[in-house]
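Hello again, notebook. I wanted to look up a few residues today and write down where they sit.

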Amino acid sequence: WFYTTYDGMAQRAGNDVLCVLVVGFHHQKGSQVEYSYPPMQGSVCPSWKYLPYLAIPDGAHRTQFGYVYFTLPEDKETADMLQDRKLFAVGCYRQLATQDLVFRDKEQTRATVLKSVVVVSRKPCFGFIKAKLFLVTEVYFAQKDFTETQLLEEFYDNMNDSLRASQGFKPYYYSVGLSLQPLVELFKSKLLMIFKLLLLEQRVLFHGFPPGAMCDLLMSVISIFPGLSDAICTTNYSSDEFGLPLSLTCQGSFFDPYLSLQQLDLVKKCQACGFIVGASNDLLRRQTDWVDAVVDVTTGEVLFYKDSLSSILALTTADLRFVDYLTHHVSDQMLEETQWEGSDDWIRAQFKLYLLSMLSCSLSLDEETWTDFSEDYIFQLRSKQHYLQWKETPNAAIADIEPRHPFHGQFTTADLRRQLSEL
């Protein structure tokens, strides 16, 4: 169903979008690739064998339409989760009553037809691609004839023009459709806990339904880390004057916004020291032997399955001040949308300052400066691969950041109230 010739074709053309695919659900064979543009010839690509299960995610039959983000190995020979280089895919799926089809295949025996239109790209512009693909998928289904594919061919060319640097590609494409205010509203103080958790290179599962909302929320969390959205799945990126972005998926760890049930054994076998993945299947959440923490994107809960994490990630007094400051300004901004404080860019700026201050403190020989971030936490952070890699990266500008928590200060009655509210 998919072939190795995509690589040479895409490279010769200089395209960022490798292909547009249609994945259909067959009542006997399950999900399978039914169409590809450009047309493919050659031998089967072993590393993409999970693509059909990702394009039509778990629970897709329960909704009329939806979308999902996932990654694919760039290496055509192996599906190893720890590959350094990956490709990025967006799938938009819909259902249509079989009786409404203009052209009905004899094997379409179910009352509804379920298909997903997939774009595979070299750039992780999930939200940007989804916004365009969602509309194209809607029109493709409205034709009621899935043999009419000219629309998909034109879309392939259009997307390559949009993502080509010479045609005005913008870095903000990486964060299109990602809103941080809902994150603050949902998780509140736990958002900072999640932020610190992801810096510890643990095995973290984000779980929720529908898959699209879960993927958006996970990518929104990733976008809080400076520069990470365009660097999380590749080793080929440049650092700024502070040595950012941090390489949270360095050797021995990986990231994938959506994981299918069929991939669970593969994840267990890879023996990753850490990962950040998303899933919608309840079976993946119930089996807790393969994760250290679960972030429930429906309820806002964070569950730890590694005993030490709960104490290491306990928020300090200064941390709670930071959270209170964040939530207060976000609540105000939602009432008055024109102000800078509380906006998505403002939220990212606050987390960047928090991260830079913490990194500056971690370099200090005076361990008292670690207290506001938690001495146990800083001790753990300093042993992680991405931290050791960051120390070897040119980061001269970090010397200009005061080694102190942004909300350092004397304990007050307001701090006591905050601590009691966390109980």
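For secondary structure I use DSSP runs, with helices as H or I of at least four residues and strands as E of at least two, numbered from the N terminus. My first stop, C19, is in strand β1, residues 17–26.

Some housekeeping: this is a predicted model, so local features need pLDDT of at least 70, side-chain atom pairs count only at pLDDT 80 or more, and totals for chains, interfaces and linings use all residues. Residues are numbered from 1 along each chain as its sequence is written, and side-chain values use heavy atoms, leaving out hydrogens and water.

Is C19 buried or exposed? I call a residue buried under 20% relative accessible area, exposed over 50% and partly exposed in between (1.4 Å probe, protein chains only). C19 comes out buried, at 0%. I also checked C19 against N160: the two are 141 residues apart in sequence, with 9.9 Å from C-alpha to C-alpha.

Next I went to L152, which belongs to helix α4 (residues 150–163). L152 is buried too, with a relative accessible area of 0%. Its C-alpha is 7.0 Å from that of V20, 132 residues away along the chain. Which residues does L152 touch? Taking contact as heavy atoms within 4.5 Å, and leaving out residues up to four places away in sequence, I listed V20, V22, Y35, V117, V136 and Y140.

Last, I looked up E367, which lies in the loop between α12 (344–362) and α13 (375–381). E367 is partly exposed, with 43% relative accessible area.
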